[in-house]
Amino acid sequence: MKYRKKPVVIEATQWFEHGDHPEVSPLYGFIGTGWISTLEGGHEVSPGDWIITGVKGEHYPCKPDIFAMTYEPAE
């Protein structure tokens, strides 16, 4: 069977440097990258990644190319 995602409006912020999103922490020893805790565990964040706030208030990173293929601006 095939399934389609339900249309859900999300909040997202594109991350470039520390201070762009309160949930991203510095990843010491790796200049220019960050770390975010998610429901599945921690993930590295690179400049340009989007930080998405999920339907339950959770946060997770998304690479720019995947974000562009999956989301479009909502009014």
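Predicted model: local features only at pLDDT ≥ 70, side-chain atom pairs only at ≥ 80, totals over all residues.
Buried, as used here, means under 20% relative accessible area, exposed means over 50%, and partly exposed is whatever falls in between (1.4 Å probe, protein chains only). Numbering starts from 1 along each chain as its sequence is written, and side-chain values use heavy atoms, with hydrogens and water left out.

First, the overall layout. The chain has 1 helix and 6 strands, taken as DSSP runs numbered from the N terminus (helices are H or I, at least four residues; strands are E, at least two). Read from the N terminus, the elements go β-β-β-β-β-β-α. The C-alpha trace spans about 45 × 25 × 20 Å along its principal axes. Of the 75 residues in the chain, 25% are buried. Contact means heavy atoms within 4.5 Å; among contacts between residues at least 6 apart in sequence, 33% join residues at least 24 apart.

Back to Asp49, which sits in the loop between β4 (41-45) and β5 (50-53). Its side chain reaches the backbone nitrogen of Ser46 at 2.9 Å. That falls under the heading of a polar contact, a pair of N or O atoms within 3.5 Å; within protein, one must be able to donate a hydrogen and the other to accept it, and residues adjacent in sequence count only if both atoms are side-chain atoms. Not counting residues up to four places away in sequence, Asp49 touches Thr13, Gln14, Trp15, Glu44, Cys62, Lys63 and Pro64.

His21 lies in the loop between β1 (11-14) and β2 (25-26) and counts as buried because its relative accessibility is 9%. With residues up to four places away set aside, His21 touches Thr13, Trp15, Ile51 and His59. His59 belongs to strand β6 (residues 59-62) and, at 18% relative accessibility, is also classed as buried. Beyond its neighbours within four places in sequence, His59 is in contact with His21, Glu23, Ile36, Ser37, Thr38, Ile51, Ile52 and Thr53. For Thr53 there is a polar contact as well, side chain to side chain, at 3.3 Å. As for Thr38, its C-alpha is 5.9 Å from that of His59, though the two are 21 residues apart in sequence.

Ser37, another of the His59 contacts, is in strand β3 (residues 34-38). Is Ser37 buried or exposed? It is exposed, because its relative accessible area is 57%. Leaving aside neighbours within four places in sequence, Ser37 is in contact with Gly42 and His59. Glu72 is 35 residues away from Ser37 in sequence and 25 Å away in space, C-alpha to C-alpha.

Then there are the aromatics. A pair of aromatic rings is described by the distance of the centres and the angle of the planes. Rings of Phe, Tyr and Trp (its six-membered ring) pair if their centres lie within 6.5 Å; planes under 30 degrees apart count as stacked, over 60 as edge-to-face and the rest as tilted. The structure holds 2 such pairs. One is stacked, with Trp50 and Phe67 at 4.2 Å centre to centre and 5° between the planes. This pair links distant parts of the chain, as Trp50 is in strand β5 and Phe67 in helix α1 (residues 64-70), 17 residues apart. The rings of Phe67 and Tyr71 have centres 4.9 Å apart and planes at 35°, so that pair is tilted. Together, Trp50, Phe67 and Tyr71 form one aromatic cluster.

Tyr71 is in the segment after α1 and, not counting residues up to four places away, touches Lys5, Ile10, Ile52 and Tyr60. Its C-alpha is 21 Å from that of His43, 28 residues away along the chain.

Tyr71 turns up again at the largest pocket, where Val8, Val9, Ile10, Thr70 and Tyr71 lie nearest the centre among the 15 lining residues.

Conventions
1 Å grid on protein atoms, 1.4 Å probe; cavity = no way out; pocket = protein on both sides within 12 Å on 5 of 7 lines; lining within 4 Å.
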